[in-house]
Amino acid sequence: VVTTAMVNASVTPSSLITTLRECLQEASESYAASMRVYGTMLDTFATEARDQEPNFSTVECESPANRHSAASLAQTLLLKISDARQTSPGFLPGMLQTSTTSPSSDILDAAETVLSLEFVCNTLLGAALAFCDTLSDIETLRNCVTTSTKAGCSSDCASHWEGVLKDTEISTLGVLCETETSRLLYGCGLGALSDALSSYRTSRESNPKITLSMASYPGLSQGDLEQGIGQFYTSLYSPQEVPSFDMLKDLAVRNECRSRTTVSVWEAYRRLYEAIMEEVTGDHSDYTSVESFLGHDPDQVRTLLSV
């Protein structure tokens with residue numbers, strides 16, 4: 001490492017200083033290229049590691065998917081780099097600083113940027129985030145931010161990635177809730193009815209001249225409604241139907257996801273109930289004796305679901 005004293009020792013750098021400066025430039029550029037290549041290969045390396053994993057039934061630890069993911073590999077490398085920086089005198093504050101008028105100022109500034117923890121975080125976290133599709137991955141990358149901050153990463157960089165990971169977590173939770181809502185809707189009998197109603201409304205909106213009644217639309221016959229709604233009413237008294245979201249460590253987040261899923265199910269029932277009542281109260285309806293299978297209004301279902 002070229003120190004300030006060495007660089008400022010003379011106006012015209014000696015051949016030794018010039019050589020050291022060129023070595024530093026080449027080394028930092030190679031380091032940056034290697035870091036970027038490793039980042040682009042994170043998912044490939046993780047896949048190869050999982051393929052070489054012994055049979056999971058013989059391994060008493062977390063699943064291979066969690067142990068060998070792009071996020072976990074990024075965390076491993078960042079830990080090694082952070083440890084090296086904390087033990088190496090070459091990374092002491094001011095080691096790469098020089099006066100702005102020094103001939104080597106631009107080279108040292110470029111090297112300092114590349115060798116900074118900010119560069120490591122931006123490169124590794126940015127690459128790993130592209131393959132981050134689970135809450136476990138997000139938590140792993142959040143630990144990376146914590147590790148880099150303790151090792152000297154700037155607060156601005158840490159705040160940036162904390163914000164990015166928070167947005168990613170919100171998005172991931174949204175996808176998880178949608179997936180569980182869909183599973184629950186089909187499990188309780190409302191899934192097919194909800195899809196059919198959405199398709200019916202779309203067809204009516206796209207072609208207002210269509211006079212096909214709701215009861216005549218595929219999936220919305222009285223028989224379909226009686227079967228689906230009857231199954232839904234039965235599920236109302238089976239609390240185990242609601243997803244537990246046990247994979248979420250945070251109790252508050254777990255409860256929020258359960259609430260969002262339950263509300264989505266209630267809204268699906270409300271839309272179906274209102275569509276049926278609108279059809280029944282219209283000029284002509286092919287539905288008969290709806291009270292025989294439509295026994296609860298939306299407010300009653302809201303109470304039963306504890307929404």
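How many disulfides does the count come to?

Modeller: The model is a predicted one, and the count comes to 0 disulfides. A disulfide is a covalent bond between the sulfur atoms of two cysteines. The cut-off for such a pair is 2.5 Å between the sulfur atoms. For Cys157, the closest cysteine sulfur belongs to Cys153 and lies 3.7 Å away, so the distance is too far for a bond. Cys157 itself has a relative accessibility of 9% and therefore counts as buried, since buried means under 20%. Cys132 falls in that class because its relative accessibility is 11%.

Of the 307 residues in the chain, 39% are buried. Among contacts between residues at least 6 apart in sequence, 71% join residues at least 24 apart. The accessible surface of the chain comes to about 17,000 Å², and carbon and sulfur atoms account for 53% of that surface.

On the surface, Val37, Met41 and Phe45 form a nonpolar patch, with about 230 Å² of accessible area together. Phe45 is found in helix α3, which covers residues 42-51. Its relative accessibility is 31%, so Phe45 counts as partly exposed, whereas Cys157, at 9%, counts as buried.

How values were computed: Residues are numbered from 1 along each chain as its sequence is written. This is a predicted model: local features need pLDDT of at least 70, side-chain atom pairs count only at pLDDT 80 or more; totals for chains, interfaces and linings use all residues. Side-chain values use heavy atoms; hydrogens and water are left out. Buried means under 20% relative accessible area, exposed over 50%, partly exposed in between (1.4 Å probe, protein chains only). Patches are made of residues with over 30% relative accessible area and no salt bridge: like charges are joined within 9 Å, nonpolar side chains (Val, Leu, Ile, Met, Phe, Trp, Tyr) within 5 Å. Accessible areas come from the Shrake-Rupley method with a 1.4 Å probe; for residues, only the protein chains shown count as cover. A salt bridge is a side-chain nitrogen of Lys or Arg within 4 Å of a carboxyl oxygen of Asp or Glu. Helices (H or I, at least four residues) and strands (E, at least two) are DSSP runs, numbered from the N terminus. Contact means heavy atoms within 4.5 Å.
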